Amino acid sequence: MSARTGVTILGSTGSIGVSTLDVLQRHADRFRVVALTADRDVEGLLRQCLTHEPSVAVMADPQAARRLQDRLLALGRPIEVLAGVAGLERVAAAGETDYVMAAIVGAAGLLPTLAAARAGKRVLLANKEALVMAGPLFVAAVREGGAELLPIDSEHNAIFQCLPAGLSAGEGIVRSGVRRILLTGSGGPFRLTPLERLPEATPDQACAHPNWRMGRKISVDSATMMNKGLEVIEACWLFGATPEQIEVVVHPQSVVHSMVEYRDGSVLAQLGNPDMRVPIAHALAWPQRLDSGAGFVDFARLAALEFQAPDFGRFPCLRLAFAALKAGGTAPAILNAANEVAVRAFLERRIRFTAIAAVVEHVLERVCHHPAGTLARILEDDALARDVAGEWIAARPSEA
Ligand code: NAD
Ligand code: MG
């Protein structure tokens with residue numbers, strides 16, 4: 001009998017997925033890979049299957065799943081292959097799985113991550129879009145399923161480490177004497193770019209983050225600072241905070257990953273090198289600690305740590321995210337959907353960088369939000385927002 005903890009990685013071929021496998025491999029005595037999943041990268045998932053030998057592999061795309069199955073059969077590897085959202089939900093909730101790393105990018109992560117929460121798993125949440133879309137539903141699923149929710153986003157993981165131990169999802173921070181959450185962000189690659197040059201920014205420039213290597217969608221979100229906006233919403237649901245209790249602080253060095261200010265004037269911060277293996281190892285080991293493979297901060301070489309107020313004029317997406325959060329209901333889901341469509345169009349060079357915010361603003365104005373209520377309602381408003389965003393983009397071919 002294996003006493004090792006079974007880990008399923010949703011989105012194992014992505015940036016977070018690969019970092020997670022790196023940490024797991026360092027601790028093969030403690031963890032076993034149960035399932036690996038990807039969208040359609042057959043070769044990438046095949047390589048991971050051969051190295052990490054999961055029991056199950058899932059591809060969201062059914063044709064890709066068939067190709068993976070053929071390749072594994074030809075190699076004589078007895079790994080079960082599943083397909084589609086049903087397959088993702090199945091491995092997220094499987095009995096063999098103890099921990100689920102939720103690292104699919106975007107709204108596609110919502111249903112499998114919810115399945116993990118309902119099944120009472122330890123959910124290591126990187127997929128912030130799931131929480132932005134369906135915060136109350138997600139927090140309820142965690143509570144009702146008896147799940148543990150551990151944040152992987154470096155800022156939220158830092159905040160979690162600075163909050164009193166044992167505060168569970170959505171519980172409310174004020175009772176613990178917290179005054180404010182100080183959510184840090186680097187300001188991305190365009191923090192100092194002259195504003196008149198922003199319309200010409202290319203996908204590669206937007207993805208060249210000064211401190212972090214990440215997937216392309218979150219890299220663009222960091223360049224618009226929509227990422228910070230999504231993180232403000234994420235923090236509200238994770239920690240039971242109000243928008244007024246969260247302050248965004250620009251910190252270009254990305255060494256302080258976030259801070260918590262208490263009513264007596266104390267501020268606790270979590271520091272570390274910008275390497276996602278730190279929060280991943282933290283969440284895997286919590287409440288213990290594990291070697292992550294990341295280096296240690298060399299304070300003698302840190303020239304300075306700077307902190308500034310964010311520039312809402314330069315980063316309209318940050319303003320829009322606060323507006324959606326305050327509007328409540330399905331407004332954050334609408335914001336998120338519009339942003340996903342706009343970022344994809346930008347990455348495919350169909351719209352300019354500065355049009356991302358314009359798309360999101362237009363969709364928030366055009367699509368009425370509703371009290372969040374059910375998952376069906378959230379998915380309906382998400383779909384409507386995608387349609388309206390798509391129409392805006394199609395109507396302006398000259399934007400490219
Ligand atoms: P990525 O693009 O590198 O990887 C995404 C993964 O999701 C891949 O394995 C891909 O195959 C899978 N995927 C994509 N679309 C899918 C679909 N429709 N169905 C099923 N699977 C699908 O992204 P990433 O940078 O690893 O980010 C993953 C999540 O983690 C995002 O929500 C991001 O905001 C969050 N996050 C990432 C970082 C980081 O450093 N990369 C930091 C904090 C939070
Ligand atoms: Mg982050």
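**Exercises on ligand contacts and helix packing**

In this predicted model, a polar side-chain atom of T13 lies 2.7 Å from an oxygen atom of ligand 1. Local features need pLDDT of at least 70 and side-chain atom pairs pLDDT 80 or more, whereas totals for chains, interfaces and linings use all residues. Residues are numbered from 1 along each chain as its sequence is written, chains are lettered from A and ligands numbered from 1 in the order written, and side-chain values use heavy atoms, without hydrogens and water.

**Exercise 1.** Describe how α5 packs against α6.

*Solution.* Step 1: α5 (residues 110-118) and α6 (residues 128-145) pack at about 20°, with axes 8 Å apart. Helices are DSSP runs (H or I, at least four residues); axes are lines fitted to C-alpha atoms over the stretch in contact, and angles run from 0 to 180 degrees between N-to-C directions.
Step 1: The pair is therefore roughly parallel (angle under 35 degrees).
Step 2: The contact (heavy atoms within 4.5 Å) includes L110 and L114 of α5 and M133 and F138 of α6.

**Exercise 2.** Locate the cis peptide bond.

*Solution.* Step 1: The cis bond joins W286 and P287, with omega about 5°.
Step 1: P287 belongs to the loop between α11 (277-285) and α12 (316-327).

Methods:
Helix = DSSP H or I, 4+ residues; strand = E, 2+ residues; numbered from the N terminus. Parallel < 35°, antiparallel > 145°, perpendicular 65-115°, else oblique. Polar contact = N/O pair within 3.5 Å; in protein donor to acceptor, adjacent residues only side chain to side chain.
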